Amino acid sequence: MNLHADPAAFAEPDDGIAKGAVLLEIRNISLAFGGVKALTDISFNVRKGEIRAIIGPNGAGKTSMLNVVNGFYTPQKGSITFRGRERRAMKPHHAVGQGIARTFQNVALFKGMSTLDNIMAGRSVMMKRNILWQMIWHGPALKEEIAHREVVEEIIDFLEIQHIRHTPVGKLPYGLQKRVELGRALAMEPSLLLLDEPMAGMNLEEKEDMSRFILDVNQQRGTTIALIEHDMGVVMDLSDRVVVLDYGKIIADGAPDQVKNDQGVIDAYLGVPH
Amino acid sequence: MLYRTAGQFKTSYAEDHALFPVRQDAMLLGVILLFAFVILPLTASAFTFQALLIPVLIYALAALGLNILTGYAGQLSLGTGAFMGVGAYACYKLITIFPELNIFLAIALSGFFSAGTGVLFGLPSLRIKGFYLAIATLAAQFFLVWLFQKWGWLYNYSSSGAIQVPNIEMFGVTVTGPRASDLVQYYFVLVVVCLVTWLAINITRGRIGRMWKAVRDMDIAAELVGINLMRAKLTAFFVSSYIVGVSGALFVFMWRGAAEANLFDISLSFRVLFIAIIGGLGSILGNYLGAFLIVALPVVIGAVPAAFGIPISSSTVEHLNVMTIGALIIAFLILEPHGLARLWAIIREKLVLWPFPH
Ligand SMILES: Nc1ncnc2c1ncn2[C@@H]1O[C@H](COP(=O)(O)OP(=O)(O)OP(=O)(O)O)[C@@H](O)[C@H]1O
Ligand SMILES: [Mg+2]
């Protein structure tokens, strides 16, 4: 039985990729909506164990890039190689099945469900008891439920959201919703975590908390993270490598310091025409 | 202090998963069950059984079925009446073809026929949502009632076009047909309803219930956590239609005694939908509260003026009833979309704090 109930499950996800090797390879991806070119010939990679930031001005194509990676959008050109397996296009269930979890720019939680249920939902695919066991409840179904509940409670403790465990998430302030959404993604025990502006709309204190969680997830669990963020301070502090998009093209890719001083990047952010 | 939660601490997740983490809830249920199984049967008149108790239970069951689909999985259906009909006709054919079949088993099996029909007519839900899906289920409603009328085999080619429930015995006791006693039929329905409710509670509180609610609240995110939308929706149609089908079989075999096609027309669908809405979408308890309200209302409207010696015609009762139900629906949709179940939850919260509101 594969219940992942023991805390050891939080050790590095076993995806058969050595730390520092390429986990995700994006090659020559192009994506257009009608006449709008959202992405043009994008190539970059994400290494196992790193925090990779994707930055760029509004409308640069950052969210579209994540949507391609987790299979919401099908690119017209290019390929994606994840954990050594090449695909022309991901499908959402491939992405989930292979261990890609994500959060959204505009929180996509199950509004009518409690914090606990939202995070438990992240473990849906790992729960196997069929409808007949569910109907009887007592016995295997309950046992499975409790085993997963224990893992979820650890995530709840880790994110310090014990007090809102039973609150419907629709009633929570935005900052906490973002935290719950991170919890749901963590519950999937992903090997690649995609975060779309995890700190948007947060105050300084909330941002510091969230930064700490992201770093802890990366360091303690060895989860590889690709994140989109507008706050440059946060990006510089958190990320190992940064890729910069502008008008759907890559204009820089490298270490944070290097990118920060790149003239092309500075121009893009200042809106210098080109 | 009716509801004291103080001092009731949970020391394990198993206890937190108990149906009634608060002791008073379990006691309240105990009292209700005592009434349902002992006190009411001892005291109720034939009229109470026929006009109140049996229909409340059957309507509550139908609403529970609909609620799984609409309240939990977020798929609107206007075909409940027809699916009840599928259960009823299936049961009728089963006992015609297999006269030796135990009636309890026949009713349990007939649910599978409506479950299958439900999945079939639920297929469009994989493509369309909300209003358009409602229209698709409406088409099912009209098609099935038409079929009940035209397909003579279903009613054994009887000249009236109606089905007549025969006397059927179970363990030497007549449970259906003209010779069955109210008490026996009441107990039969009560046992089935309790059993199905328990199973429904179990399904909705675990993985599958979460899966349905996730699809209801945000299908894109549900897909993202690996929930198979097709499977989630079709299991909801299956389970929902199964329960609705069983309620339809009970409706005819344990209450009406006879039926023709138009018994299952759109007004029955709406009646069940109103019960689910007034009771509270996404709740199990609400179906009972809603059914009680809808079934008891005309009885009360008819009885109260009479008790004061005011003559009231049956057509006036009918008009008053329809107007009141309409007003209630509007009031609930605007003021308390989560229905009576939510009102009870609020009262319960107040009782937990009472008499110290802070
Ligand atoms: N589903 C879609 N249909 C049509 N156009 C789209 C769609 N999704 C994105 N686009 C377009 O693609 C371009 C890139 O959008 P995207 O959301 O990826 O930008 P972004 O970098 O995430 O911006 P922001 O910082 O504002 O979130 C925009 O011009 C946008 O209008
Ligand atoms: Mg974006």
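Which residue forms a salt bridge with B:K129? In this predicted model, the partner of B:K129 is B:D219, and the closest N and O atoms of the two are 2.7 Å apart. A salt bridge is here a side-chain nitrogen of Lys or Arg within 4 Å of a carboxyl oxygen of Asp or Glu. B:K129 lies in the loop between α5 (103-122) and α6 (130-150) of chain B and B:D219 in helix α9 (residues 219-224) of chain B, so the pair ties together parts that are 90 residues apart in sequence. Helices (H or I, at least four residues) and strands (E, at least two) are DSSP runs, numbered from the N terminus. B:K129 counts as exposed because its relative accessibility is 52%, whereas B:D219 counts as buried at 16%. Buried means under 20% relative accessible area, exposed over 50%, and partly exposed in between (1.4 Å probe, protein chains only).

Residues are numbered from 1 along each chain as its sequence is written, and chains are lettered from A and ligands numbered from 1 in the order in which they are written. Local features need pLDDT of at least 70, side-chain atom pairs count only at pLDDT 80 or more, and totals for chains, interfaces and linings use all residues, while side-chain values use heavy atoms, with hydrogens and water left out.

Over all chains, the rule gives a count of 19 salt bridges. Side chains of opposite charge can pair when their charged atoms come close. In chain A, A:E86 and A:R27 meet through their side chains in a salt bridge of 3.8 Å, N to O. This pair links distant parts of the chain, with A:E86 in strand β5 (residues 85-87) of chain A and A:R27 in strand β1 (residues 22-33) of chain A, 59 residues apart. A:E86 is exposed, with a relative accessible area of 54%, and A:R27 is partly exposed, at 34%.

A further salt bridge joins A:D253 to A:R52, with the closest N and O atoms 2.8 Å apart. Here too, distant parts of the chain are linked: A:D253 belongs to strand β10 (residues 249-254) of chain A and A:R52 to strand β3 (residues 51-55) of chain A, 201 residues apart. A:D253 counts as partly exposed at 35% relative accessibility, whereas A:R52 counts as buried at 0%. Both residues belong to a network of salt bridges that links A:E50, A:R52, A:R241 and A:D253.

The two chains also meet at an interface. In all, 37 residues of chain A are in contact with 27 residues of chain B, contact meaning heavy atoms within 4.5 Å. Chain A and chain B bury about 2,900 Å² between them, 66% of it on carbon and sulfur atoms. Buried area is the accessible area (1.4 Å probe) that two parts lose on being put together, summed over both. On the side of chain A, the most area is lost to chain B by A:F110, A:M135 and A:W137, together 20% of what that side buries.

Across this interface, the rule finds three salt bridges. One of the salt bridges in the model is formed by B:R210 with A:D117, the closest N and O atoms being 3.9 Å apart. The elements of chain A that give two or more residues to the side touching chain B are α2 (92-97), α3 (115-121), α4 (131-136) and α5 (140-158). Of these, α5(A) gives the most, with six residues.

B:K213 lies in helix α8 (residues 207-217) of chain B and is buried, with a relative accessible area of 16%. Leaving aside neighbours within four places in sequence, B:K213 is in contact with A:M113, A:D117, B:Y72 and B:T204.

Chain A also takes part in a metal site. The magnesium ion (ligand 2) is coordinated by A:T63 (OG1) and A:Q105 (OE1), at 1.9 to 2.1 Å. Donors are N, O and S atoms within 2.8 Å of the metal (3.2 Å for Na, K and Ca); water is not among the atoms, so sites may look incomplete.
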